[in-house]
Protein chains: 2
Amino acid sequence: MSERTVTISEVAKHAGVAVSTVSYVLSGKRTISADTRRRVLDSISALGYHPNAGARALASKRSNVIALVLPLRAGMHVPVLMRFASAVVTAARRFDHDVLLLTADEGTAGIRRVAASALVDALVLMDVELDDRRVPLLRELAEPSVLIGFPAAFAGLTCVDLDFAAAGARCVEHLAERGHVEIALLGAPSVVYERGTGFAGRTREGFVEAVAAHGLQGVALPCEETFDEVYETVRDLLLDHPGLSGLVVHNEAAVGHVLAALRQLDRRVPHDVAVVAICPDDVAERASPPLTSVLIPAEEVGREAVRLVMDKLEGRPVPDSTLLTPLLAIRSST
Amino acid sequence: MSERTVTISEVAKHAGVAVSTVSYVLSGKRTISADTRRRVLDSISALGYHPNAGARALASKRSNVIALVLPLRAGMHVPVLMRFASAVVTAARRFDHDVLLLTADEGTAGIRRVAASALVDALVLMDVELDDRRVPLLRELAEPSVLIGFPAAFAGLTCVDLDFAAAGARCVEHLAERGHVEIALLGAPSVVYERGTGFAGRTREGFVEAVAAHGLQGVALPCEETFDEVYETVRDLLLDHPGLSGLVVHNEAAVGHVLAALRQLDRRVPHDVAVVAICPDDVAERASPPLTSVLIPAEEVGREAVRLVMDKLEGRPVPDSTLLTPLLAIRSST
DNA sequence: GCCGGTCGTCGAAGCGCTTCGACACTCTCA
DNA sequence: TGAGAGTGTCGAAGCGCTTCGACGACCGGC
């Protein structure tokens, strides 16, 4: 085990070339003859050479690492976060970068630290809130950054997210096509609206506007996440709106409870009430019945965020705002 | 913005000392007079100095970064993973280390790469399986590593996990105390047992042994994760065992479905059937009724894993196996 | 047959830090 | 009063890499 670590100069000696030549073979920044390149590459694999990350970062002023900053509040839609994280890592690897994970309990100090110490070249922030205290810091940092989610004032930043307004509208449209005229949106817990997490409000706006545009009747309610609360909400909703036949649920944790509540209230899905969810695909598929849903494209968002941050690193111009088009997957619940 | 990056020699000049003195102030590896130390620290904060991570890693052969390797299979108990990740990051920061996130889609190559390039000093692997193909690699690596979960042969490795056998036993014991004599375990989906994820099997063993020890009657069944499948499982279980009055559920995704199924089958919890879950606390609290549960102590496991890996980095001896004692939280379901 | 222009390669100068040995002091205790 | 043992500080030698300028060798064009 632990074969002593191989350096570039050993590779150079083994291949009979200069150290700089090996470096140029690896970076491709100067032309190298096919013959020399082959010899160098052979030596590299013969010796099992891996460039030392620290030395490389020191000399090139690039660490090839990007920071992924977890949201300020844990607890909410956690599985989706994991998907983002995983997608970001995978995408970063495509650009030959690694990902450093940062939590919020260090506050903004952690962001400042990794940026100032040149540990990372760039940052991706997850789950940005409307009034996010990390945002001012980003503006003064030299390192490029990309936000997943939108703060209130995002001019001059680079933000990417699912187009939740369009997602809300898409659900309404689908229910309208199916002939429903009285529908409701069950959203996030009220605390989420209050603290101004952007996506919850934007879905609701999209819903409300589309309801008006299609001449439907619709209500939008927050929705807590324990079964009992969900049950009451659904029961009251059905009592208050006897003609209601379509439901949009944008709350991953509550969606199972909603279905259980409907079951208990003897409403059949989709016969009595049609249900469209905005949630990750696997949640929709695992439900009973499988739910027609607008999926939350975590992989795509993560990939896009990394693409944008790489563009910025290369000095290419990027848009302030990137909204991903929602996609509706039709299953048995509508 | 982007105040030009400050180096140690500028700090030295500003404080009127040698570069090495600044370094020793920072590392504490040599004694420094209180006076000099103060002057240096003042200069550091006056100039806003942050040591360059790459240079430091190059000179000291320590990157102060540990790798956190995500499990091979995504999809299962994802929220718990996020907790682990978050706990690992927080714990690592206490030791002045950062965390690099690695996914499995690079396979073992990613592990080899970050280790060989000295990007990380040590590794923590999450959600290790009984026959984990990453394990042989770890054995030949010079860098220390800690596993969360147990592979089949763990001698010579360092593993940490909740003591799932004790957790299963603890649930049985609790039901026995409450006077139940005929009980069942609903576990992970059968595919999880088949691929040999350690914790599922260990819970079952603990359950089975404790059932025997207490002279109870018990069955252990796998449990799928869609409502319909859960419903059938529960219904058949109650049909086959009319005297059954206690249920242990070790399946985070199914626990809500189990409760919904019992509701639909007109069994009241805890009156007709008592339910104990092995799951994260928030899932247990959010259920209706709130579940008596053995919590999965993600924070503690993460913290312990980091502590162990730091011990190994410092050359201190560590045990092969660290099992955390399960804790039962009694709520309204038993 | 000579000139300018690639092409391919080399050597050396750092990048910013840690660490080692050296050295000038100041104490202590014979 | 001087040898020995600490203290506190300095200078310099790297750590392993990238990158810049230099320089032969070789090309086609006149």
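The model is a predicted one. Chain A is superposed on chain B by a rotation of 180° with 0.0 Å of shift along its axis, at an RMSD of 0.1 Å, and the two copies are thus related as by a two-fold rotation axis.

**How the copies meet**
- Because 98% of the interface residues of chain A are also interface residues in chain B, the copies meet through the same surface.

**Surface near DNA strand C**
- There are 30 residues around DNA strand C, and those that come nearest are A:Ser20, A:Thr31, B:Ile8, B:Ser20 and B:Ala59.
- Two or more residues of this surface come from each of helix 2 (19–27) and helix 4 (53–60) of chain A, and likewise from each of helix 2 (19–27) and helix 4 (53–60) of chain B.
- Helix 2 of chain B gives the most to the surface near DNA strand C, namely six residues.
- Sorted by class, the surface near DNA strand C has 15 nonpolar, twelve polar and three charged residues.

**Helix 12 of chain B**
- Helix 12 (residues 255–264) of chain B is largely enclosed by the rest of the structure, because eight of its ten residues are buried.
- The buried residues are B:Val255, B:Gly256, B:His257, B:Val258, B:Leu259, B:Ala260, B:Ala261 and B:Leu262.
- These buried residues pack against helix 12 (255–264) of chain A, and, within chain B, against strand 6 (182–186), helix 11 (227–240), strand 8 (246–249), strand 9 (274–278) and helix 13 (281–286).
- Just after helix 12 of chain B, the residue B:Asp266 takes a positive phi of about 60°.

Notes. Residues numbered from 1 in each chain as written. Chains lettered and ligands numbered in written order. Predicted model: local features only at pLDDT ≥ 70, side-chain atom pairs only at ≥ 80, totals over all residues. Least-squares fit on C-alpha atoms with pLDDT ≥ 70 in both. Contact = placed C-beta atoms within 7 Å. Near = placed C-beta within 6 Å. Helix = DSSP H or I, 4+ residues; strand = E, 2+ residues; numbered from the N terminus. Nonpolar A, V, L, I, M, F, W, Y, C, P; charged D, E, K, R; others polar. Buried ≥ 20, exposed ≤ 12 C-beta atoms within 10 Å, placed from the backbone.
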